Amino acid sequence: NVGVDFPFCFLRFDEIKEGVVVRHEGKRSDGYLEHIFKHAAKELFGMDVKEITYKALKNKDFQEVTLEKDGETVLRFAAAYGFRNIQNMVLKMKKGKFLYHFVEVLACPGGCLNGKGQAQTEDGKPDKALLSQMEEVYAAIPVRLPETNVHVQKMYQDWLEGMDSKKVQETLHTKYSAVNQTASSLDIKW
């Protein structure tokens with residue numbers, strides 16, 4: 001059973017100052033894999049990870065991040081971008097051959113900045129120069145970790161009754177167990 005505590009981040013609109021933009025850790029605008037990896041390394045294994053290294057597996061849109069301690073891999077995260085990689089991931093999970101503690105899944109190959117809602121060339125292809133510019137602009141935005149946000153801290157204190165309370169366990173943690181599959185014509189055969 002795995003419990004994961006995801007800090008919620010919300011602000012009251014009357015407290016937002018014009019021009020203040022912050023982001024989570026990571027070099028791109030994708031999900032929180034890097035932040036969660038560093039947080040898990042510190043909380044579970046007492047290790048401060050300053051920089052993580054992505055290892056491309058079958059292609060650049062399926063990457064792995066691992067943490068080793070005393071020669072043993074103790075954390076194994078993956079980033080799966082694009083439907084082909086997501087489909088392969090689901091197939092491996094069904095076969096019990098997907099050994100990751102956390103997986104970041106994004107539908108767009110190349111991640112969010114490469115999505116169809118972004119600028120493209122006239123022939124409908126991603127504009128690589130513009131994509132590179134967007135990544136540089138994003139990387140220049142200051143990082144603000146969710147756990148340092150005063151609103152998140154207040155939520156834990158006032159609503160969740162502390163960081164390690166029973167309410168935190170009930171509200172932010174979950175347990176997974178096997179589900180018996182039933183045949184249905186709506187099942188997707190991946």
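**Charged pairs, helices and cores**

Reader: Does D48 count as buried or exposed?

Author: This is a predicted model, in which local features need pLDDT of at least 70 and side-chain atom pairs count only at pLDDT 80 or more, while totals for chains, interfaces and linings use all residues. Residues are numbered from 1 along each chain as its sequence is written, and side-chain values use heavy atoms, with hydrogens and water left out. Buried means under 20% relative accessible area, exposed over 50%, and partly exposed in between (1.4 Å probe, protein chains only). Because the relative accessibility of D48 is 52%, this residue counts as exposed.

Reader: Which residue forms a salt bridge with D48?

Author: A salt bridge is a side-chain nitrogen of Lys or Arg within 4 Å of a carboxyl oxygen of Asp or Glu, and a search of the whole structure finds six of them. In the one that involves D48, the closest N and O atoms are 3.0 Å apart. The partner has a relative accessible area of 45%, so it is partly exposed, and its name is K42.

Reader: In the salt bridge between K60 and D61, which residue counts as buried?

Author: The closest N and O atoms of this pair are 3.8 Å apart. K60 counts as exposed because its relative accessibility is 59%. Its partner in the salt bridge stands at 11% relative accessibility, so the buried residue is D61.

Reader: Which helix holds both K166 and E170?

Author: Helices (H or I, at least four residues) and strands (E, at least two) are DSSP runs, numbered from the N terminus. K166 and E170 form a salt bridge whose closest N and O atoms are 3.8 Å apart, and both residues are exposed. They lie four residues apart, about one turn of the helix, and the element that holds them, residues 166–172, is α5.

Reader: How many helices and strands does the protein chain have?

Author: Read along the sequence, the pattern of the protein chain is α-β-β-β-α-β-α-α-α. The secondary structure therefore comes to five helices and four strands.

Reader: What covers the buried residues of α1?

Author: The buried residues of α1 are L33, E34, H35, I36, F37, K38, A40 and A41, while just after the helix G46 takes a positive phi of about 65°. Covering is judged here by contact, meaning heavy atoms within 4.5 Å. On that basis, what covers these buried residues includes β2 (62–69), β3 (72–81) and β4 (102–106).

Reader: Which strand contains E64, and why does this residue count as buried?

Author: E64 counts as buried because its relative accessibility is 10%. Not counting residues up to four places away in sequence, E64 touches T53, Y54, K55, L57, R76, F77, A78 and Y100. The strand in which E64 is found is β2.

Reader: Which residues of the largest nonpolar core touch the most other members?

Author: A nonpolar core is a set of buried Ala, Val, Leu, Ile, Met, Phe, Trp, Tyr and Cys residues joined through side-chain atoms within 4.5 Å. Out of the 16 residues in the largest one, those that touch the most other members are L33, F37, L67, L75 and F77. To this core at least two residues each are supplied by α1, β2, β3 and β4.

Reader: What does F77 touch?

Author: The count leaves out residues up to four places away in sequence. Among the residues that F77 touches are Q63, E64 and V65, together with Y100, H101 and F102, and also L33, I36, F37 and A40.

Reader: How many residues does the other core have?

Author: This other core lies apart from the largest one, and its members include A78, A80, F98 and Y100. In general, nonpolar side chains in soluble globular proteins tend to be buried together. The number of residues in this other core is seven.

Reader: What is the C-alpha separation of M89 and A78?

Author: M89 lies in helix α2 (residues 83–94) and is buried, because its relative accessible area is 8%. Leaving aside residues up to four places away in sequence, M89 touches A80, F98, V103 and V105. M89 and A78 are 11 residues apart along the chain, and their C-alpha atoms are separated by 9.8 Å.

Reader: What share of the residues in the protein chain is buried?

Author: Of the contacts in the protein chain with a separation of 6 or more, 56% are accounted for by residues 24 or more positions apart. The protein chain has 190 residues, and the share made up by buried ones is 28%.
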